[in-house]
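Me: Hey, can you walk me through this one? I'm new to reading structures.
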Amino acid sequence: MEAKLTTLRTEIEKNLSRSGHNLASFAKISGLNRGSLSAILHGNPPKPVSLRQLDAMTRAFGFPEGWLYPLFVEECFSEDRISRRRMEPFLVRCAEIGKQQCIDEVLSRIMEYPKPLDIIYTVAERLFCSGKTQESVVFYRLIVENEPDSYSERMAISQYRMFKSLQSTPDVDMEQKLRAVIRFEPFRGLLPEDMQLDGLLKLAKVCFALHRWKDVEKYADELRALTHGIYREELRRSKGKRVEAFQAERPLVVYYGHGYLLKASALTKQGEYEQAKKYTAGYADLGWFELLDDEGRSAVDSFRLFAVANSFTLEILMGNTSELPAYIAFLAEHPGEILSGMVIILESANRFGFSADAVLSRFSREMLRFEQFQDPINVDRVYRLYYQIAMYYISRKQYSKGIDYIIQCLRLTVRLNSGKDFINCVTLFELNRDASSDTQQTAYRELLRDVRQREEITDHESPRFGVV
């Protein structure tokens with residue numbers, strides 16, 4: 001152990017000699033106290049180096065940040081304890097600048113000391129709260145793997161942070177999202193109320209993307225119940241003594257409105273249209289909600305717009321084509337609603353047999369931009385629209401157009417990593433293979449070949465699509 005401490009100091013002394021500096025001149029250019037430098041290099045025992053001092057020396061020598069970090073690890077340990085004052089900022093900085101080897105070395109040793117999880121959790125929280133979400137995951141994972149109390153708040157928060165970090169990670173497939181839901185779900189009720197709100201909202205949204213409608217209902221119900229309770233308590237507090245207001249990631253009205261919106265959406269997906277109407281009314285006009293700030297008032301306006309759009313949706317899905325002209329006019333005024341609106345119109349056209357040609361023509365220019373979407377929710381919407389269009393054209397014996405859309409759907413299933421949708425597209429193509437052109441069959445074979453090659457590259461024990 002002493003050899004490593006000496007190595008750190010030897011390296012500093014060596015570069016002092018090379019640079020031609022003595023303690024006085026180096027203290028001047030580094031901004032450090034000469035007495036502190038002397039105590040670090042010549043004290044008996046040597047004075048420990050702080051991270052701030054080490055970084056100052058590194059800058060004075062002209063080396064890149066983190067140059068001596070591998071040798072600094074030993075400064076954080078002694079025979080019987082850990083120096084939190086040095087270790088916590090050191091681990092945070094290593095994570096920020098990508099010194100993973102130093103992190104690994106510290107974490108491999110830290111578990112031998114008393115209360116290591118206190119330090120690890122503090123580092124994880126500092127990283128997460130400063131926006132270093134992905135960097136925090138390795139520390140939260142260590143908490144999850146080693147926390148002795150499975151029902152502790154620290155365990156629940158660590159699970160929540162890991163779940164939340166996955167939602168901000170690009171290219172996360174459906175299987176990973178499902179596993180994340182399963183891991184986090186048991187801990188949602190152990191979180192502080194502000195995190196519970198956000199956790200329930202995210203669980204509901206992820207399950208919506210996974211088409212797990214009953215789960216969406218469950219989390220939406222829990223979100224409404226929790227929000228109602230917090231709202232009543234906040235009203236009571238606001239009328240009494242001045243106390244600190246409840247703080248959550250979003251205004252309380254956002255969670256309140258989403259509790260109704262997500263419930264209504266899940267019911268709509270299950271064909272429970274009359275029930276969905278009742279919950280749509282729950283977020284249609286939230287102007288009565290008290291304690292609103294500017295963000296809250298903006299959310300109220302957004303929910304009002306969502307309610308109008310979703311009321312049209314329910315009427316169209318129930319076959320009320322008399323509402324179609326008004327719905328098309330509404331979509332034209334609100335371009336952000338066109339994609340989801342077209343999915344509904346095409347689905348209803350296929351179910352009730354009315355013509356959607358005017359809609360496809362009216363929004364043909366907007367459709368050209370749909371494939372620019374990158375977020376999974378909108379990519380899924382594009383897939384569902386194209387699938388409905390494929391069935392629409394095939395049902396009208398316009399096979400060439402329909403098969404072109406099937407091939408586009410297949411490409412989207414690869415992006416979504418959705419095995420179920422992939423199989424549906426293959427089935428639809430095979431049922432109409434005799435009507436496909438040579439060019440379409442070639443494109444189809446190339447897509448299947450590409451999927452097969454992707455499967456061979458990935459782990460053979462867990463194929464991406466689950467296709468044998």
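Me: Is Tyr-113 buried or exposed?
Reply: Tyr-113 counts as buried, because its relative accessibility is 12%. Buried means under 20% relative accessible area, exposed means over 50%, and partly exposed is in between (1.4 Å probe, protein chains only). Keep in mind that this is a predicted model: local features need pLDDT of at least 70, side-chain atom pairs count only at pLDDT 80 or more, and totals for chains, interfaces and linings use all residues. Residues are numbered from 1 along each chain as its sequence is written, and side-chain values use heavy atoms, with hydrogens and water left out.

Me: OK, new topic. Which residues touch the most other members of the largest nonpolar core?
Reply: Those are Phe-90, Phe-139 and Tyr-386, in a core of 152 residues. A nonpolar core here is a set of buried Ala, Val, Leu, Ile, Met, Phe, Trp, Tyr and Cys residues joined through side-chain atoms within 4.5 Å.

Me: What does Phe-90 touch?
Reply: Leaving out residues up to four places away in sequence, Phe-90 touches Leu-51, Tyr-69, Phe-72, Val-73, Cys-76, Cys-102 and Val-106. Contact means heavy atoms within 4.5 Å.

Me: How many aromatic pairs are there?
Reply: A search of the whole structure finds 28. Rings of Phe, Tyr and Trp (its six-membered ring) pair if their centres lie within 6.5 Å; planes under 30 degrees apart are stacked, over 60 edge-to-face, and the rest tilted. Tyr-69 and Phe-90 make an edge-to-face pair, 5.3 Å centre to centre with 70 degrees between the planes. Tyr-69 is in helix 5 (residues 69–72) and Phe-90 in helix 6 (residues 84–97), so this pair ties together parts 21 residues apart in sequence. Helices (H or I, at least four residues) and strands (E, at least two) are DSSP runs, numbered from the N terminus. Both Tyr-69 and Phe-90 are buried.

Me: And what kind of pair do Phe-77 and Tyr-113 form?
Reply: A tilted one, 5.3 Å centre to centre and 45 degrees between the planes. Phe-77 also has Arg-109 over its face, 4.2 Å from the ring centre. For that, NZ of Lys or CZ of Arg must be within 6 Å of the ring centre and within 35 degrees of the ring normal.
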